[in-house]
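Please look over the sequence and the structure shown here before reading on.

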Amino acid sequence: MKKCGSISILGRPNVGKSTLLNTLIGEKIAIVTPKPQTTRNTITGILTQGDTQFIFVDTPGLHKAQNRLGDRMNSYVYETAKGVDLAFLVCEADKMPGRPEKILMQTLAENDIPAILVLNKVDAVVKEKMLPVMAAYAELFPFKALVPVSAQTGDGIDVLLAEAEKLLPEGEHIFPEDELTDQPERVLAAELVREKLMRMLKDEIPYSLTCECERFATREDGVLEINILIVCDKPSHKSIVIGRNGSVLKEAGTKARADMEKLFGTTVFLQLWVKVKEDWLNNPNFINEMDIFFDGPK
Ligand SMILES: Nc1nc2c(ncn2[C@@H]2O[C@H](COP(=O)(O)OP(=O)(O)OP(=O)(O)O)[C@@H](O)[C@H]2O)c(=O)[nH]1
Ligand SMILES: [Mg+2]
């Protein structure tokens with residue numbers, strides 16, 4: 001009997017949703033940083049195990065939006081929460097439910113979506129703190145299961161998959177068995193650059209950047225050429241993103257290129273460009289000149 005179903009991965013920012021997605025499918029397709037509001041889109045990850053196909057949908061963390069980008073991120077969360085067969089509500093295993101979790105549980109209840117509570121980061125929490133958290137959640141929503149995991153170490157992931165499988169509907173598989181994601185390679189490439197910059201930069205700058213892939217093409221000698229445009233929100237941010245003598249851009253580029261070569265399995269020639277698009281977070285208007293960085297075989 002074949003099973004196939006979609007599972008949303010929901011929760012507040014920074015609880016480990018994208019780490020969980022990557023661990024579930026065994027490949028890094030979603031970027032991860034220690035900062036909240038890393039994920040800005042929905043990201044589909046596919047796992048086909050025997051007769052069962054799990055279609056996971058990672059979402060941005062539900063938060064109080066400060067701009068139009070934030071509003072859009074939250075609307076992706078609500079859209080995804082409504083249209084799936086099952087939901088994983090992810091929380092940190094020692095944190096009591098708060099406003100974002102209550103809003104998500106209400107959305108799931110209104111749309112009749114069954115859910116599993118995923119208590120993440122068990123590698124880093126005091127076990128005694130988990131029981132009251134589980135009890136508090138169980139009182140608020142009829143979870144089908146409460147599963148402690150560590151998305152980072154993989155602890156409990158097999159239990160989570162077994163519980164999820166029980167709740168998926170019967171049906172033919174939608175994706176080919178070896179397909180891992182619906183993310184185009186050029187989007188993955190741009191996201192890797194954003195991940196490195198988000199990890200390296202401070203204050204509001206990580207949130208005011210966006211990356212777009214402008215070129216993704218294999219040369220005759222087999223080298224993959226990738227051009228990524230980094231868009232800043234303010235002219236003052238541009239020099240910080242470039243760094244002294246290009247040091248920030250250089251480090252981000254070198255790290256992103258290493259990840260790209262692993263992911264795409266080929267030699268990469270990476271070019272990064274920086275542009276200012278004033279207040280793109282609220283209103284897209286391109287201005288200013290560009291800067292460039294190269295890494296890889298010429
Ligand atoms: N110790 C520990 N840290 C974890 C675990 N899972 C995730 N993290 C860390 O938590 C931080 C946030 O992880 P993400 O996967 O980016 O979290 P997210 O929920 O996708 O965050 P947003 O995209 O901002 O909503 C990162 O520093 C991860 O390394 C875990 O199981 N244990
Ligand atoms: Mg994320």
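The notes below cover a helix, a residue and the surroundings of a ligand.

This is a predicted model, in which local features need pLDDT of at least 70 and side-chain atom pairs count only at pLDDT 80 or more, while totals for chains, interfaces and linings use all residues. Residues are numbered from 1 along each chain as its sequence is written, and chains are lettered from A and ligands numbered from 1 in the order in which they are written.

**Helix H8**
- Helix H8 covers residues 247-264, where helices are DSSP runs (H or I, at least four residues) numbered from the N terminus.
- The buried residues of H8 (20 or more other C-beta atoms within 10 Å of their own C-beta, placed from the backbone) are Val248, Leu249, Ala252, Gly253, Ala256, Arg257 and Met260.
- Gly265, which follows H8, has a positive phi near 65°.

**Glu163**
- Glu163 belongs to helix H5, residues 157-167.

**Ligand 1**
- Among the 24 residues around ligand 1 (C-beta atom, placed from the backbone, within 6 Å), Gly16, Ser18, Thr39, Gly61 and Gln152 come nearest.
- Helix H1 (residues 17-25) supplies the largest share of this shell, three residues.

Terms used
Helix = DSSP H or I, 4+ residues; strand = E, 2+ residues; numbered from the N terminus. Expected span 1.5 Å × (residues − 1). Buried ≥ 20, exposed ≤ 12 C-beta atoms within 10 Å, placed from the backbone.
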